[in-house]
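Please read the following points with the model open beside them.

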Amino acid sequence: MMVSERATEIAAKVEAFVREVVIPYEKDPRCGAHGPSDDLVMELREKARAAGVLTPHILPDGSHLTQRETAVVLIRSGLSPLGPLACNTAAPDEGNMYLLGHVASPEQKARFLQPLVSGAARSAFFMTEPANEGGAGSDPSMMKTTCRLDGNHWVINGRKAFITGAEGAKVGIVMAKSDDGACMFLVDLPDPAIRIERVLDTIDSSMPGGHAVVAIENLRVPADQMLGNSGEGFKYAQVRLSPARLSHCMRWLGGCIRANEIATAYACKREAFGKLLVDHEGVGFMLAENLIDIRQAELMIDWCASVLDTGSLGTAESSMAKVAVSEALMRVADRCVQVMGGTGVTRDTIVEQVFREIRAFRIYDGPTEVHKWSLAKKVKRDFLKGHAA
Ligand SMILES: Cc1cc2nc3c(=O)[nH]c(=O)nc-3n(C[C@H](O)[C@H](O)[C@H](O)COP(=O)(O)OP(=O)(O)OC[C@H]3O[C@@H](n4cnc5c(N)ncnc54)[C@H](O)[C@@H]3O)c2cc1C
């Protein structure tokens, strides 16, 4: 993909850093089932700072690379599951930084955004609620968490689920409903009124703090910590939505490129039935299909990024990209496991982890079916508009 010279240079530096410095940490015992420890993350960030690749997508003046430029950088950071954490391009911080950069007041930016950009703090985004209580999930309008004004404070009550990184985060963005509609609040963490009930045991393991079920009990938030205005929370969620979805596609494309390199090396060295695996058509075809899926994913990301770069919210385009890329990457990851036989399902390489991570990716930031459903609604809307009597 042709992008600017500055993005090409940053991407090359990020790739060299991830390959030379980050990859050797993949076997570090601090990579736990609920994500790498903060101690490990901070050690890697020190190295990223020294290498000049910390938060590489945000420039010293606070402006962001374009989405097309961001893509080439984030794909490289994703070459290791630890890369985005080291470079501070990981979810949910990257999406949260984008949101605060676009919606927060100057005072809010100084207090809540700056520590995220500098890599000193992690953040969490509190939207989803427990399914067994009928709360917000695929349908955010089902939100049950409430906020009401009491003097100069908002009082928030509710329960949240799957809150990535809540354990250990210093900044929280909490969504709740007032009489006006959805609202977003910036909060300092930890806070005794935000109680982590449990960290879920999930299939993935790349995000520090894992994914928590959280009780919010009479949390009092000063009025000036509301992000924007009461009732406009879903509008701000829209601002975050498309770029955050797309950056997941970028990072996990990087993960699959690397998994495919590992599977290719295996197939080009290992023999069965008198010849290299790659020379068996069944294996060669799997690797050929990987190349096709990887290139299609890259082009889809570039196309969606170019739409976002026009200033469009890119809601439909990011839905298409999220479905196409996550489903293509699932096929790639699955083939990588298969090509490597038993080794593919072991933790000897990151292929096994990439497979697990991509499985979860097909659900978060909108399950595939929800994106297809919203696209189908658009198909109908557009048809009816074109055939209005
Ligand atoms: C690893 C991980 C990390 C996450 N991190 C966060 C986080 O940091 N903060 C946060 O707020 N949330 C987070 N989430 C939650 C995530 O956003 C939700 O899981 C997602 O929105 C789906 O909601 P749900 O789990 O309640 O599924 P449900 O709403 O119960 O949906 C279940 C399934 O129903 C189907 N479905 C739903 N609607 C439709 C439709 N209209 N048409 C067809 N099929 C449909 C889909 O197949 C869907 O997968 C995370 C989830 C995961 C797995």
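1. Pro140 has a relative accessibility of 26% and therefore counts as partly exposed; buried means under 20% relative accessible area, exposed over 50%, and partly exposed in between, with a 1.4 Å probe and protein chains only. Pro140 sits in the loop between β3 (123-126) and β4 (146-150). Helices (H or I, at least four residues) and strands (E, at least two) are DSSP runs, numbered from the N terminus. Apart from neighbours within four places in sequence, Pro140 is in contact with Met127 and Phe234, where contact means heavy atoms within 4.5 Å. The C-alpha atoms of Pro140 and Gly254 are separated by 30 Å, and these residues are 114 residues apart along the chain.

2. A word on the basis of these values. This is a predicted model, in which local features need pLDDT of at least 70 and side-chain atom pairs count only at pLDDT 80 or more, while totals for chains, interfaces and linings use all residues. Residues are numbered from 1 along each chain as its sequence is written, and side-chain values use heavy atoms, with hydrogens and water left out.

3. In helix α2, Leu40, Val41, Leu44, Arg45 and Ala48 are buried. Viewed down the axis of α2, these buried residues fall within an arc of 135°, so they line one face of the helix; the arc is that of the directions from the helix axis to the C-beta atoms. Their cover includes α1 (5-22), β1 (31-32), β2 (35-36), α4 (83-87) and α5 (93-103). Just after α2, Gly52 has a positive phi of about 70°.

4. Helix α5 is largely enclosed by the rest of the structure, because nine of its eleven residues are buried. Among them are Asp93, Tyr98, Leu100 and Val103.

5. How do α7 and α8 pack? Helix α7 (residues 233-269) and α8 pack at an angle of about 160°, with their axes 10 Å apart. Axes are lines fitted to C-alpha atoms, for helices over the stretch in contact, and angles run from 0 to 180 degrees between N-to-C directions. The two helices, α7 and α8, are therefore roughly antiparallel to each other, a term for angles over 145 degrees. Residues of α7 including Leu246, Cys249 and Leu253 belong to the group that meets a group in α8 including Leu287, Leu291 and Ile294.

6. The axes of helix α8 (residues 281-308) and helix α9 (residues 315-339) come within 9 Å and cross at roughly 160°. That makes α8 roughly antiparallel to α9.

Key:
Angles under 35 degrees count as roughly parallel, over 145 as roughly antiparallel, 65 to 115 as roughly perpendicular and the rest as oblique.
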